[in-house]
Structures are given as C-alpha cells and as structure tokens.
Amino acid sequence: MATAAEQWVLVEMVQALYEAPAYHLILEGILILWIIRLLFSKTYKLQERSDLTVKEKEELIEEWQPEPLVPPVSGDHPALNYNVVSGPPSHNIVVNGKKCVNFASFNFLGLLDDPRVKAAALVSLRKYGVGTCGPRGFYGTFDVHLDLEDRLAKFMQTEEAIIYSYGFATIASAIPAYSKRGDIVFVDRAACFAIQKGLQASRSDIQLFKHNDMADLERLLKEQEIEDQKNPRKARVTRRFIVVEGLYMNTGTICPLPELVKLKYKYKARIFLEESLSFGVLGEHGRGVTEHFGISIDDIDLISANMENSLASIGGFCCGRSFVIDHQRLSGQGYCFSASLPPLLAAAAIEALNIMEENPGIFSVLREKCKRIHKALQGISGLKVVGESFSPAFHLQLQESTGSREEDVKLLQEIVNHCMDRSIALTQARYLEKEEKCLPPPSIRVVVTVEQTDEELERAARTIKEVAQAVLL
Amino acid sequence: METPKYVCTGAFSVSSVASCARGQRGSAPELPFSPAAHISSVAFPSLQVHHVTQNGGLYKKPFNEAFEETPMLVAVLTYVGYGVLTLFGYLRDFLRHWRIEKCHHATERKEQQDFVSLYQDFENFYTRNLYMRIRDNWNRPICSVPGARVDIMERQSHDYNWSFKYTGNIIKGVINMGSYNYLGFARNTGSCQEAAAKVLEEYGVGVCSTRQEIGNLDKHEELEKLVASFLGVEAAMAYGMGFATNSMNIPALVGKGCLILSDELNHASLVLGARLSGATIRIFKHNNMQSLEKLLKDAIVYGQPRTRRPWKKILILVEGIYSMEGSIVRLPEVIALKKKYKAYLYLDEAHSIGALGPTGRGVVDYFGLDPEDVDVMMGTFTKSFGASGGYIGGKKELIDYLRTHSHSAVYATSLSPPVVEQIVTSMKCIMGQDGTTLGKECIQQLAENTRYFRRRLKEMGFIIYGNEDSPVVPLMLYMPAKIGAFGREMLKRNIGVVVVGFPATPIIESRARFCLSAAHTKEILDTALKEIDEVGDLLQLKYSRHRLVPLLDRPFDETTYEETED
C-alpha cells in the first residue's frame, strides 16, 4: 500500500512540473543554481584580509625610527654636576674643595669616623677580605651576618631580624614578599620612594591617604569594610596592610603610631613601619618610634630600617616575629638574589650597635641639639621649617613659591651655595620629579648630628638666616 | 605541586616532557646546542633563509654549547619522585592538622588569629614538605675568606631541619666550588686588601648620603673613570648593589610605549627592573636567535597591540653568562639583529665580566667585538672583583642621563669607600696597571681550569650543561632526592657545592653547580673531580649517553610569545 501511495505522489509531482508556467521553472532553476553556488563558494569575509608581503614588511622595518635610548640632558641640569667630596664625609667635610661643617649627611650619631667602628671593620677585613662572592644561600652567609641579625633582633627586642645588602632594597623587597596582586595596601601620601617602588613591585591595590590624617585613613578602611561585606568570599583572602614611616624622610614629621595601632586592630590590617630615619634616633634607647610612643613592638607586624644613617654602615634590616620575618628568607627578592653584605660592613654595624647600647645618653643629646637648631631657625623671613622639633632631619621650604618649581629649586640652590661658601654644607632634598607619586615641594634638608657643637649649630642657623635674607629679599 | 599533570600522556617523547617542564616557567623547550654539531651550530642547515643565524662568519672561533637531552627514564622517575613527595606532603599536613605530628613552624600571634592569613597555604606547601627536607644544603654559614678553600661552621638539626644548632666545630679547608670568586680576588691579604684597609682607616665604612646629595666622594669619581676605561666605553656609573643596578636603572631607560625583549632565563633583577619600568615585556627563548628575530620583526611590523602605534623603542635584555645554565649569550648574532632592527641592547655581565675574554673584559672581549655596539653595558663587582655593587657603562649621553635620572643616584646611599678601593685595585690588577702580570695569569688560569674541569666531568659521563668556556658548570641531578644526597655527600668529602632545584630551575632539571676560580689549583680540582666521580657512581648520576641532538635539527616552534602589560 505504501509503495502505491508513493508512486501516486511521484506521478502528481511530474504532472505539476508539466503544468507549471515556464517563468516559474526558470526562476526555480536559477534559485537551485544559486544555492549550489552558495554551497560551494568560500565563506564570506567581514573585511578583505591583506597580509603584508615580505617586501612591505621590509619597508616597514626600514621605515621605523626609534626614539633615542635616552633624551639629551642639558649641561646645566641641576642634578647633573654632583658635588665632589674629597676625603671622608664626616663632621668636617671638604665639598668642592671648600672645608665645611657637615649639615647634610645622615650621620646622626657621628659613627662614620668613629675609631672603634673603623677598628672593628678592619679586623673583619683582615679576616674575611672585602666581598662575599655569593648570595646568602650559596656560601654567602658569614658568621658575622648571623651575629648582626642576632644583635639587631636583641636590640629591637623582637624575635628575628634579617639583613639586606642595600638600604633601598630592604623595604622595596619586603613589601612584595607579603603583599600580592589583589591585596590592599593603605599608604601615606608622603611615603618615601623605596616604599613606592615596593608597592609597585607588589602589584597590589594601593590606597593613598592624606599625610598623617587618621580620619582619612579610617574613611578608606571603612569604605573597604563596606566593600568586604558585599563580597565576603573575596574579603577572606584579601590581605590588608598599612605602610607608614616612623619619621618621614620627605616631611620630617612623625607618624601617629598609637592611633594607627588602634585602627590596625579595629580593621584587621597589618602595619609595616619604615624606620630609616627614626631607628637609632627616637626613644630612650634609640629603638625608634615604637619606643618613643611606648608601644609594644609586637603590635607592629614588620619594622624595616636601613643601616646607612644612624649606624653609618651600608645595608638594611627588617625585624619582627619569626612567623613574619622568616618568610623573606625565601621570598625577599633583594635577599635571595643579591650578594650578601660585605662582612666588614656587618662588623661595623655590630660595633655601632655596641656603642649605641653603651651610651644610651647619646639619643637625648641628639634631641637637645635638634631642638636647639629648630628653635634658632624659626622666624626666617621667606623660609619655613617643616618637620618635628626632635627630628634630626627636617626641611626648609620657601614660604611662598615663585610659581615655578624650577625657579624655587634655583633659589634654594643659591642659598645652599652661599651657605657652602660660608662653610656650612647643606643640600637640597633630591627627587625624581616625574617618578614621585606625590612630589614634595622643593626644600633644603638640614641634618643634625651629635658631633655638631652648640656653637656650630648657632652659627649654622645664623648663616642660613643671613643668606636667606640676602637671597630672598 | 601538580607534578603528575605534567607527565604527558600518549606517545611519550622526551622532548615533550622537557617542554612540559619548561611550561612551568611559561616558555617552550630549551633548544640544546651541541658540540657534535659545532659546525652546524653556526651554520643553519635548513633551507629557510635566516639572515643572521646562518651567518657563521660572525663567529671567530667555534661556539660549543651542549644541553644534552634528559633521558626518558630519568624524566619519568623524576616525576614519580615529585609525586611521592607530594603525596607524603599531603599526608604529613593531614597529620599536622590533627595534631598527630608535632608542628614546628612559627605560628601567627594569638591576637591576630582572626586577621586574613598572611600566607597562602599552597605557597608554603613546597617549603614545608619539600624544601625543609633538604634545607641543610643551603645557607651554610662560613667563617673565613670565600677563597679556594673555606671554613664552614658545623650545624646540626634535631627536628628535621626546622631549626639548626651550631656545634661550635668548624669544618676546615672545605674545597669551595660554590662562590663566584672567578678571578680569585676574594683574599684577606695582598695589595687589594692593603689598599682597602688604608681607605677604610681614612674614610670609614659608610657614606650616609646619596650621590646626588652629598655622597659623591672623590673615590667614586675615580672608580667610574677606571671602569669606563676598563670597559672601553665613554663613561660609566657605579651603584651600591648589583641587583639594584638592574632593577633601579631599567625603569629610567624605558617606559610605557616601549618594548622589552627579554631572554626567558634572565635573572630576577632584570625581570623586576623590566616590570617596574611599565614597558611591555615579551620573552624570547633562551639564547634562540630565531625566536628573537621573529619578535623583533613582528614588533616593528605590527606595532603596539590595539593602538597599532609604532613602539617608541625596543630594548633587548640579555646576560653574558647565564648563571644557572652555564651558557654564553650568542652576542655576535644579537648585535647583528639589534643593528638590523634598530633596537637597543642591554647586556648584563654579572657573571662574565672578568671571567671571560683574553683580557677579562667580559663577553664582548670573548667574541672580539666592539663595546660601542652594546648600548648599555651592565655588570657587577661582586664576583670577579671580590667586592660588591654594580655598574653601567656606555655613551656619555646615557651616563649623563642616568646621573640625573637613575633611582639609585637620587635615593640610595652610595658605595662604601673601602669596597670602592677593592674594586679599583683589583681592576687595575686585571688591566696590568699595577705593574704585574698577576691579572693576566689569573685570567689564563681560570680559562684553563674551566676547560679542564668541564672536559673531565664529561669524560666521566655526567650531563653537563653550557658553553665549554663558561666557568659556571651545571651538573644535572634531575631527581629531587639526589639534590640533598649530592650536597651532603660532597660536604662529607670536604667539598662545598651549590645544588639547585625548583623553582630556580625547571621542575625536572635539578642540578649541582660548580663555579670555577683562578684560585683553584690543579691539585684542588683533581681532588674535587675524584670525589665527584665517586659520588656520581654512588648516586648513579652518570646519565650521559652522548646522544646529542644538534640544536638546529629541532623544529623551531612558533608558539606565541608571552606578553605582560602592567
């Protein structure tokens, strides 16, 4: 039955073909041909692709002109021609052939040319030679390094310390060892360049708060808290850090540590504290800003400082609890991948620590001197003093900017040069203007050391006052 | 620790294993160079025309580098080894979690238990369960000059390497095959040390200021003039740390809109510097000129991604000697490429300065090239000069720019004066300016030691990587258990060696590394070789079958490059 029905359909179809008008057949034929063409033609392109020919490529390569490797530097660039110091950069310094009293090097405790420090370094040199010829991992760990780490940990009353061979690399390596992509770092706008580079290397999310403004910090922390509540899963793995300096290199001001510690526990963020200026300066025993405020050092997760200021050696260190610090021994880039600190520099740092421990009075002497010059420098027309009265490094800024940074720098340089002529060695604080996140205004940085006598401090203040008057008025 | 994943399935070829391992570092298989094919290593056998790679005339002498393939069985066993370690790691972590096994590592403060955990758990899995087992092979403290022989402080651990106790004993006179003391300037006597001592007494050790402020001493100026004349460049600048020389100066040279072409095995400092610069980074295969040329060509033809603007400039980052592979950069070809494509060349000579070339001027001297062809000559003082710090040399415009824009010059304390003096005196000695031939003899001695030591190890049947003239000699161990065993057995025999494993190397290519020195006498080397031979038999390390695949027989794999844009 089925076959009969099929045959009938076929007959009907043939009949329909005969009956259909010619134009219809022609149209259908064209359509069928069209379908076949579509089936066999290539897929259409959105745009015509035209690969470059070898010749065209060669022409492009020929055509390309790169920028020069470095742009030209004009011969009178303010930073091109360095001051040349002949002989040791200690209390009495010879700058560009002129004998001066040094108010520019961070030799706060005058340990740079201390005979005991030199003697200790010399003993080390005679035993170990100069270089270490290797990173810490590969036979570059000397017994002196272990001693120094031990001594620093004891001095700071922490569990562990770790030393780096370069001050700048210390905090710049420590931050990315902990803070990774996706973590959040709250950092003061005035933070020094080493911190900025560390943050950049960490690729974390960076939140800047106004300099020493705890309300602003709390606002950011609160905002983050609200953000966290929206996405609790993410919040559980997002580490939060607050990075601050003890005494700020760029402003000479101190951080409000007690408030920071309160915020730390309230919002569960860890504190990293950079103490390059405050270590060996603040506090009864020179332990820095924690001792200054009487805050337990355990409340701070990580303290970093360099050994290039108070200790007058080279290198830097981090200290804190072993749980935190030990991690850097495998993750601190500047620690793992760099040659270790020359043992003579480590030995010098140990001796400097000895001297600091034996004469705790030295810190109050330094503070007295700071206060003295700070007071003497008040009320100079045209210049303002920026920084704490107990900070051994503070800034002199123009009261009124001329409107252009270049002009300001020139004016200040003139003051520095005149002071140099009158045997007071000063320097402007130098910055990479295009690289700084928040560029501080131009300033002269005055550094106080224990070696400066009261008479020298008075003379320096007087000289600056007179020169500023002559230059600015 | 997902090792089993990398054991490729199906038809199991050794090269595919190698490529999986390389994949760990985000890159493709190493192309081995072969001594058997040293003629073809400079002449390209395929029909494809490659302008430079084909040009054997660029080399004045045979360029012999060998990277023997990993035997398949060894590769399989290595993966099995890591698999077992990982399983036991999980087991131990389980036991620690339920307090069945005592937990040795430091813990978070009680007050901060509710903070977000400071470490990712996985990050520490490797440290806790693999590294900790063999931790005694690293950070061995020494208490003498790191010369040809060294005194090591004996230490013991009673808690499986979680902590060490010093016994107070000193292992004396250990043969030092680990320090980068290439020319033997790590000494505590002699003219260099006398000079350094004198400067130390006059200047003290610190500087307490930066170069731009008031830390530019006459000593630094003297050093920089000397470095420039040593390198044969117009000017040079010295910095306080080798690592920072790279990481703080590359950002001054390139920035957004610039392209960095970096060798896949470049040192961490170069990688960090490149990242901090903000430039786009593309990686080419280790010492592979085809890969480099392809990247250069594509970069110029296609310009920046998305915007299609042409790149502002292209900087090629290479090292003279690669410290983990022992290979020497194919500098003549790199320079030809750089000239052809108008790119700039940054050459890091951390390991090669002093250690290579007939006059110790590094890799440029080794190939007999003109230092003017290298735009940025970077190197360190840590190794051959027995001091610390780094330098950059080049045209006067470059150095003037760095003096004003280098991060180091503005923000970092300058070099310590006694260290400067050590560099000055040792450099003068190498240049023969001290009136002796001592420097020249040291250079010769090192070259002889290198050839001898490498030849003997190869004869013994070890797989040795790298160039026959490179004083860095990697000996392949492969299996994780052998890393610890080799280090310990060698120390037992009074020889200090460096052993390295993942993450410093690809996961299956763990190795021991010897650094030769001019201070090694023939007698010392023979003693070391004898012991290495014995330990090699004991641990069955003589893997070599001398079945070498010539470099250029391997297909050039056109995988896409890795690109990072930050």
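A cavity is a set of grid points where a 1.4 Å probe fits but cannot get out, and its lining residues have an atom within 4 Å of a point. The legends below describe close-up views of a predicted model.

**Figure 1. The largest cavity and its lining.** The lining of the largest cavity comprises 27 residues. Nearest the cavity centre are A:F168, A:C192, A:M249, A:N306 and B:Y411. Two or more lining residues come from each of α7 (167–178) and α8 (193–202) of chain A and from α13 (407–411) of chain B. The volume of this cavity is about 380 Å³. Sorted by class, its lining has 12 nonpolar, eight polar and seven charged residues. In the whole structure, the search finds 15 cavities of 30 Å³ or more.

**Figure 2. Transmembrane regions of chain A according to UniProt.** The unreviewed UniProt entry places the feature "transmembrane region" at residues 20–40 and 161–179 of chain A. Residues 20–40 of chain A are 90% helix and 0% strand, with 29 Å between the end C-alpha atoms. For residues 161–179 of chain A, the figures are 63% helix and 21% strand, and the end C-alpha atoms are 19 Å apart.

**Figure 3. The edge-to-face pair of A:Y128 and A:F142.** Over all chains, 27 aromatic pairs are counted. In the pair shown here, the rings of A:Y128 and A:F142 are 5.5 Å apart centre to centre, with 75° between the planes. A:Y128 belongs to helix α4 (residues 115–128) of chain A, while A:F142 is in the loop between α5 (136–140) and α6 (143–156) of chain A, so the contact ties together parts that are 14 residues apart in sequence. Both A:Y128 and A:F142 are buried.

**Figure 4. The tilted pair of B:Y90 and B:F125.** The planes of B:Y90 and B:F125 meet at 35° and the ring centres are 4.7 Å apart, so this pair is tilted. Because B:Y90 lies in helix α3 (residues 72–97) of chain B and B:F125 in helix α4 (residues 121–129) of chain B, the pair ties together parts that are 35 residues apart in sequence. B:Y90 is partly exposed, at a relative accessible area of 48%, whereas B:F125 is buried, at 4%.

**Figure 5. An aromatic cluster with members from chains A and B.** One aromatic cluster is formed by A:Y178, A:F241, A:F272, A:F323 and B:Y119.

**Figure 6. Arginine side chains over aromatic rings.** B:R155 has its charged end over the ring of B:F164, 4.1 Å from the ring centre. B:R403 lies over the face of A:Y82, at 4.2 Å from the centre of that ring.

Terms used
Residues are numbered from 1 along each chain as its sequence is written. Chains are lettered from A and ligands numbered from 1 in the order in which they are written. This is a predicted model: local features need pLDDT of at least 70, side-chain atom pairs count only at pLDDT 80 or more; totals for chains, interfaces and linings use all residues. Side-chain values use heavy atoms; hydrogens and water are left out. UniProt positions are given in the numbering used here, feature names are shortened, and annotations may be inferred rather than shown by experiment. Helices (H or I, at least four residues) and strands (E, at least two) are DSSP runs, numbered from the N terminus. On a 1 Å grid over the protein atoms alone, a cavity is a set of points where a 1.4 Å probe fits but cannot get out, and a pocket is an open set with protein on both sides within 12 Å along at least five of seven lines; lining residues have an atom within 4 Å of a point. Grid points are joined across faces, edges and corners, and a volume is the space filled by probe spheres set on the points. Ala, Val, Leu, Ile, Met, Phe, Trp, Tyr, Cys and Pro count as nonpolar, Asp, Glu, Lys and Arg as charged, and the others, Gly among them, as polar. Rings of Phe, Tyr and Trp (its six-membered ring) pair if their centres lie within 6.5 Å; planes under 30 degrees apart count as stacked, over 60 as edge-to-face and the rest as tilted. Buried means under 20% relative accessible area, exposed over 50%, partly exposed in between (1.4 Å probe, protein chains only). A charge sits over a ring if NZ of Lys or CZ of Arg is within 6 Å of the ring centre and within 35 degrees of the ring normal.
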